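User: I'd like to learn how to read a protein model feature by feature. Could you walk me through it?

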Amino acid sequence: VTITTRLLVSHLSGIRHYEKDITKVKEEKEKANKALKLTKSHQDKEQKEGKETEKSDCVKQKKEHHSGTKSQNSKPGRNDKEFEQEEYYLKEKFESVIESLKIFKNDPLFFKPGSQFLYSTYGFTLLSAVVERASGQKFTDYMLKMFRDLDMLSTVLDDNEAMIYNRARCYIYNKKGRLVNAPYVDNSYKWAGGGFLSSVGDLLKFGNALLYSYQAGQFKNRNAKLLPGYLKPGTVAMMWTPVPKTEVSWDRDGKYAMAWAVVEKSQQYGCCRQLRHYASHTGGAVGASSVLLILPEELDPEALGTWPVAPPRGVIVTIICNMQSVSLNSTALKIAREFDKEKRAQ
């Protein structure tokens, strides 16, 4: 088989996640798909019959919250027992991302690459090894330089030995339902998939840099005053284009793209539910949960030439929480919509 970087970044590689038993993975995916079909059919029926009442909205919100809780940390294909996987709690220190490949390199693929979707942290571990070999630098050095370029000076490796200013303690609920300190974990086996510490401010800078890059090509560059984006507009557009055969459990309206979950602009029926284009991703680890959501402004082509209207235009929401298994995507989307509504009213 052939595994490309595009397959890795869209979780279509067939490389396993933390669960080694393919039978259990298939069972959980079937359960999730059945639940998703039931929710969508119920929603479509309500839209066609024109019964989008306040009561039904409340019911849907409760269902969304319930499914978000069950998804355990808001990752595709996750289940209630996700954090019981032993590999979440590895304490071995790996000197390089190449060395950490030994965890899964001899394991069989779960399916032919490109045929199915399976969220895989180890797929991103392999992706980090590709970056290391292609750049000729250690992956961690490469990323830290990028964070400096983006002015993300509070984003660092989650290295247990390093003295990191303002590093938060992380918490979990034990089996008795009591709040306790999260257990010790060494994240050197998955730097790319969950090994960095950041702040709300830094993630906002990251979101703004991506949104600026995405929109920069749409604005007229008067007297070369508009600087280029960190990435080419076409690159971000490609990253935010849904990939076939993918799925997203934390947002039933979305598809997976390239390391992002994406919802496309659409409206099926007049005077009914309308979807706005946005990109988001949740994050989760032992004792921590997070989300970053980018809602681009719907730009008026006639206003794009008027200065000082310039990118980035839109709403960016990020939430970081030092608590395990907190579903945050729906909360971020509600916040983004409120700010967007306020901006439109001005």
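Analyst: Let's begin with Val1, which is found in the segment before H1. Helices (H or I, at least four residues) and strands (E, at least two) are DSSP runs, numbered from the N terminus. This is a predicted model, so local features need pLDDT of at least 70 and side-chain atom pairs count only at pLDDT 80 or more, while totals for chains, interfaces and linings use all residues. Residues are numbered from 1 along each chain as its sequence is written, and side-chain values use heavy atoms, with hydrogens and water left out.

User: Is Val1 buried or exposed?

Analyst: The general idea is a scale of relative accessible area: buried means under 20%, exposed over 50%, and partly exposed in between (1.4 Å probe, protein chains only). Val1 counts as exposed because its relative accessibility is 77%.

User: Which residues have the most contacts inside the largest nonpolar core?

Analyst: First, the idea: in soluble globular proteins, nonpolar side chains tend to be buried together. A nonpolar core here is a set of buried Ala, Val, Leu, Ile, Met, Phe, Trp, Tyr and Cys residues joined through side-chain atoms within 4.5 Å. The largest one has 42 residues, and Tyr122, Leu210, Trp240, Trp260 and Ile294 have the most contacts inside it. Among the elements that each supply at least two of its residues are helix H5 (121-135), helix H8 (200-216) and strand S8 (288-296). This core draws at least three residues from each of domain 1 (1-32 + 79-157 + 184-195) and domain 2 (198-345), with bounds from an automatic or database domain assignment. Apart from it lies another core, of 13 residues, including Tyr278, Leu293, Leu333 and Ala336.

User: What does Tyr278 touch?

Analyst: Contact means heavy atoms within 4.5 Å. Leaving aside neighbours within four places in sequence, Tyr278 has among its contacts Asp251, Val262, Leu293, Ile294 and Leu333. Tyr278 lies in strand S7 (residues 278-285) and is buried, with a relative accessible area of 2%. Across the protein, 67% of the contacts between residues at least 6 apart in sequence join residues at least 24 apart.

User: Let's turn to charges. How many salt bridges are found in the whole structure?

Analyst: A salt bridge is a side-chain nitrogen of Lys or Arg within 4 Å of a carboxyl oxygen of Asp or Glu. The search finds 17. One of them pairs Lys145 with Asp149 at 3.1 Å, N to O; because they are four residues apart in helix H6, about one helical turn separates them. Lys145 is partly exposed at 41%, and Asp149 is partly exposed at 44%. Arg167 and Asp158 also meet at 3.1 Å, N to O, with Arg167 partly exposed at 29% and Asp158 buried at 18%.

User: Which bridge links distant parts of the chain?

Analyst: Take Arg313 and Glu297, whose side chains meet at 3.6 Å, N to O. The two are 16 residues apart, in the loop between S8 and strand S9 (314-321). Elsewhere, bridges that share partners join Lys265, Arg276, Glu298, Asp340 and Arg344 into one network.

User: Which peptide bond is cis, and where is a positive phi found?

Analyst: Most residues other than glycine have a negative phi, and most peptide bonds are trans. Here the bond from Pro311 to Pro312 is cis, with omega near 0 degrees, and Pro312 lies in the loop between S8 and S9. His11 has a positive phi of about 60 degrees although it is not a glycine; His11 sits in the loop between H1 and helix H2 (22-49) and counts as buried at 2%. Ala259 likewise has a positive phi, about 65 degrees, but counts as partly exposed at 23%.
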